[in-house]
Amino acid sequence: MAGRTLHRVERTAKQGVRWVLGHGLPRTVITRSAKKGDLQGDLILSGPGSHTFDLADLFEEVRAQGPLYRGAFSMVATDQSVIREVLTSPDFVTGFFAPDAGGGWMAKAGTWAASDVFNPIQPPSLLATEPPAHTRYRKLVTRVFTVKAVERLRGRTEEIARELLDDLERSGSSEVDLVPRYCGLLPITVISEVLGVPVELRERMLEMGKGAALSLDIGLDWGTFRGMEAALEEFDTWLRGHLDHIAAHPGDDLLSQLVAVREDGDRLSEPELRAIAGLVFAAGFETTVNLIGNGIALLHDNPDQLDILRERPELWANAADEVLRLDPPVLLTGRVARRDSVIAGEPISRGTIINTILAAANRDPAVFTDPHVFDVTRENARDHISFSSGRHFCLGAALARMEGEVGLRLLFERFPDLKLLDGRERHPTRILRGYSHLPAKLS
Ligand code: HEM
């Protein structure tokens, strides 16, 4: 009894420390400095309504201050060349309190408080590890997501999209919410088939994903943080059970292959296996839903661009990249200096965090002409940085591009008179940007 109470107290204490380090502390520092005019707060802090406003003016305000903006919590980069320099540098690593970046007591406290539940931004997740472990994990899954491998999935993706569109048509009502009925279902069905996850679970997974998506945000309040951790725990419980099931009944999907690697000479530990499987699955549906939703909204609001695509359908792939450029599903990422370094000619000391605002780099006037204009014919639309850069470059970029192109093209071909209705709504998340609701009249 006493042992169980002690265990509960320790669990709560650890959860409290995780919240203080990842949310309470940054929130306090950023909120205080925002009152003194620090622009960083508006850029990276979650807050009621903050996800809804257009950040374009703010990007320009920060960019005007120079290549590296010094905020109270971290430095902020908005220029594409500077961001690429940070993301490709071996001197900068993921994880704000990385022990080898001199995180001091915070790194120690973070290690003590780490939960054994899957978390996309905690080691051993790909997103939170560095070579040599990162290289080893990535090698296990890269093969399935190469451009060539993804092209083999194109036919099946089109079939799934057509089935979903048939369902929309059959539902009888010409008014539908496109996010739950189409944008979310397309990527989750594809990634479920690749990984061997039963597609019957897709609605439940999307629901869990909504709560877990907040795990990428900074500065959550305590209640929201606990809700997010509960969603991660539910996902983790499902994942453990699913991987056990696969170990007993292997198929020829990616997860079965990963489980086999684990059992073949024990090369992957159980937490490593869960981290890789969980991230590839969650990243496979939590982001592309936003590419399709953001694309529907942009194309609907710019009918002249839809007209161009009707005349020149070969531009659909470029249109998906232009959507990724102008309204990217991932607002930003960040790195910490593990040794003294120089970026954009400025000395950076060990332990300094640099927030790289991918969405701002996508509107860098040094790279894109008329950067705020949505132009599906833009020749260098693909030069955006929405999939990051360097060794953490998105593993699923080719898959996401293909799904975005297929998803948008087939929808507008089937329903050329599609009209979005009042009531579109953005997700409450700050880093993952997209729509939760896109009510539409199909014809
Ligand atoms: C439009 C859709 C997508 C966007 C915008 C996107 C964006 C990103 C970004 C920005 C990163 C790197 C973050 C960083 O540098 O810190 C990343 C990494 C990753 N993405 Fe995606 N992603 C998308 C779709 C997908 C899909 C479909 C998959 C499924 C396979 C996927 C799997 C991953 C994985 C496993 C990583 C970690 C890579 C690593 O750290 O080595 N993503 N993604």
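Biologist: Counting a residue as near a molecule if one of its heavy atoms lies within 4 Å of it, how many residues surround the ligand, and which are the closest?

Modeller: There are 27 residues surrounding the ligand, and the closest are His134, Thr333, Ser388, His392 and Cys394. This is a predicted model, in which local features need pLDDT of at least 70, side-chain atom pairs count only at pLDDT 80 or more, and totals for chains, interfaces and linings use all residues. Residues are numbered from 1 along each chain as its sequence is written, and side-chain values use heavy atoms, with hydrogens and water left out.

Biologist: OK, and how far is an oxygen atom of the ligand from a polar side-chain atom of His134?

Modeller: For His134 the distance is 2.6 Å, and in Ser388 a side-chain N or O atom also lies 2.6 Å from a ligand oxygen. Leu126 uses its backbone instead, with a polar atom 3.3 Å from an oxygen atom of the ligand; the cut-off for such N or O pairs is 3.5 Å.

Biologist: Which elements give two or more residues to that shell?

Modeller: Those are helix H6 (133-142), helix H14 (270-286), H15 and strand S5 (333-337), and H14 has the largest share, with four residues. Helices here are DSSP runs (H or I) of at least four residues, and strands (E) of at least two.

Biologist: Switching topic, at what angle do H15 and H17 cross?

Modeller: The axes of H15 (residues 288-301) and H17 (residues 316-326) cross at roughly 100° and come within 9 Å, which makes H15 roughly perpendicular to H17 (65 to 115 degrees).

Biologist: Which residues meet there?

Modeller: From H15, Leu291, Asn294, Gly295, Leu298 and Leu299 meet Trp316, Ala320, Val323, Leu324 and Leu326 of H17, with contact meaning heavy atoms within 4.5 Å.

Definitions and conventions:
Axes are lines fitted to C-alpha atoms, for helices over the stretch in contact, and angles run from 0 to 180 degrees between N-to-C directions. Angles under 35 degrees count as roughly parallel, over 145 as roughly antiparallel, 65 to 115 as roughly perpendicular and the rest as oblique. A residue is near a molecule or strand if one of its heavy atoms lies within 4 Å of it. A polar contact is a pair of N or O atoms within 3.5 Å; within protein, one must be able to donate a hydrogen and the other to accept it, and residues adjacent in sequence count only if both atoms are side-chain atoms.
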